[in-house]
Amino acid sequence: FEVPGQEQASSSLRLVDLLGRELLFLPLGQRTGAQTQSLDLSAYPAGIYNLQLQIGDRQVYRKIQLMD
């Protein structure tokens, strides 16, 4: 993900199942510029999940599928 501009923005990452239950919350702190974050999702069963990235007041949603 990339935090636009030169200003720092608070960011966080959430993994939510299709029932809306939050399974993972990862505060990423204050960030600036391009960032890479690895996630180990091997503890979660196969299925479809929503990944929510919040950067300041902006949010990005992605649907991901975990496979066995």
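User: Is Ser12 buried or exposed here?
Analyst: In this predicted model, Ser12 counts as buried because its relative accessibility is 9%, and the cut-off for buried is under 20% relative accessible area.

User: Where does Ser12 sit, and which residues is Ser12 in contact with?
Analyst: Ser12 belongs to strand 2, which covers residues 9-17. Once its neighbours within four places in sequence are left aside, Ser12 is in contact with Phe25, Leu26, Pro27 and Leu28, and also with Gln52, Leu53 and Gln54.

User: Take Leu28 from that list; where is Leu28 found?
Analyst: Leu28 lies in strand 3, which spans residues 22-31, and with a relative accessible area of 8% Leu28 is buried.

User: And how many Å apart are Leu28 and Leu53?
Analyst: From C-alpha to C-alpha, Leu28 and Leu53 are 9.8 Å apart in space, while in sequence they are 25 residues apart; both of these leucines are among the contacts of Ser12.

User: Switching topic, how many aromatic pairs are there?
Analyst: The count comes to one aromatic pair. This pair is formed by Tyr44 and Tyr49, whose ring centres are 6.5 Å apart.

User: Why is the pair of Tyr44 and Tyr49 edge-to-face?
Analyst: The planes of the two rings, Tyr44 and Tyr49, stand at 65°, and planes over 60 degrees apart count as edge-to-face, so the pair takes that label.

Technical notes
Residues are numbered from 1 along each chain as its sequence is written. This is a predicted model: local features need pLDDT of at least 70, side-chain atom pairs count only at pLDDT 80 or more; totals for chains, interfaces and linings use all residues. Side-chain values use heavy atoms; hydrogens and water are left out. Helices (H or I, at least four residues) and strands (E, at least two) are DSSP runs, numbered from the N terminus. Buried means under 20% relative accessible area, exposed over 50%, partly exposed in between (1.4 Å probe, protein chains only). Contact means heavy atoms within 4.5 Å. Rings of Phe, Tyr and Trp (its six-membered ring) pair if their centres lie within 6.5 Å; planes under 30 degrees apart count as stacked, over 60 as edge-to-face and the rest as tilted.
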